[in-house]
Amino acid sequence: MKAFPLAYLITFTCYGTWLHGDVRGSVDDDHNKFDAPFIEINATRNEYLRKNLKHPPFYLTDRQRTIVAATIAEVCAFRNWSLHESNARTNHIHVVVSGEVDPDKMMIDFKAYATRRLRGSQELEEDRPVWTEGGSKRYLWTETSLSAAIEYVRNQ
């Protein structure tokens, strides 16, 4: 039987708003492990990626943020996952969630349902990319790490 953590801290960004090399830090497959450092700041890499975007960066409006947050809550209820906290920001989303499922599945569902809801509410053009590929999935094994993640998402 597979052991699941108490919860996950899942973070994903809006298309083009948080590129590798950014001063805020970012992760890739080699930097998405517990206590792994962020990708190094690299202005040249960041500018190259920015210039090669196929669409302008996408930022969520207040109304879109509300739609995304409500959709995440609905997905959790439908899937029987426990939503501890979420925060839809203008350029990224944080979700602290528990469930006996791979966090990649959770992230895929959050992105897919939120995108459909945004398109269905006329809040998004049909061919507009919304999210970057992938995202960060932090495993929360202790009550302390769960509490810290909830606090971070709620107040940071």
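In what order do the four strands of the open sheet sit? Before you start clicking, keep in mind that this is a predicted model. Now colour the strands: the order is β2-β3-β1-β4, with antiparallel pairing. At the edges you'll find β2 (82–88) and β4 (136–140), each pairing on one side only. Ignoring direction, neighbouring strands here are turned by 15° against each other on average.

Next, zoom in on β2 and β3. These two run antiparallel and are joined by six bridges. To see one of the pairings, select Ser82, whose bridge partner in β3 is Ser98.

Stay with Ser98 for a moment. Ser98 belongs to strand β3 (residues 92–98) and counts as buried, at 11% relative accessibility. Show side chains and look for His84: its side chain makes a polar contact with that of Ser98, at 2.6 Å. Beyond its neighbours within four places in sequence, Ser98 also has contacts that include Leu6, Ala7, Trp81 and Met106.

Now bring in the helices. Select residues 62–79 to get helix α2, which lies across β2 and β3 and runs at about 165° to β2. Then pick helix α4 (residues 143–155), which packs on the sheet and touches β1 (7–13), β2, β3 and β4. The direction of α4 makes about 30° with that of β2.

Last stop: cysteines. Cys14 is buried, with a relative accessible area of 0%, and Cys76 is buried too, at 1%.

Technical notes. Residues numbered from 1 in each chain as written. Predicted model: local features only at pLDDT ≥ 70, side-chain atom pairs only at ≥ 80, totals over all residues. Heavy atoms only, no water. Buried < 20%, exposed > 50% of the residue type's maximum accessible area, 1.4 Å probe, protein only. Polar contact = N/O pair within 3.5 Å; in protein donor to acceptor, adjacent residues only side chain to side chain. Contact = heavy atoms within 4.5 Å. Pairing = 2+ DSSP bridges. Axes fitted to C-alpha atoms, helices over the stretch in contact; angles between N-to-C directions.
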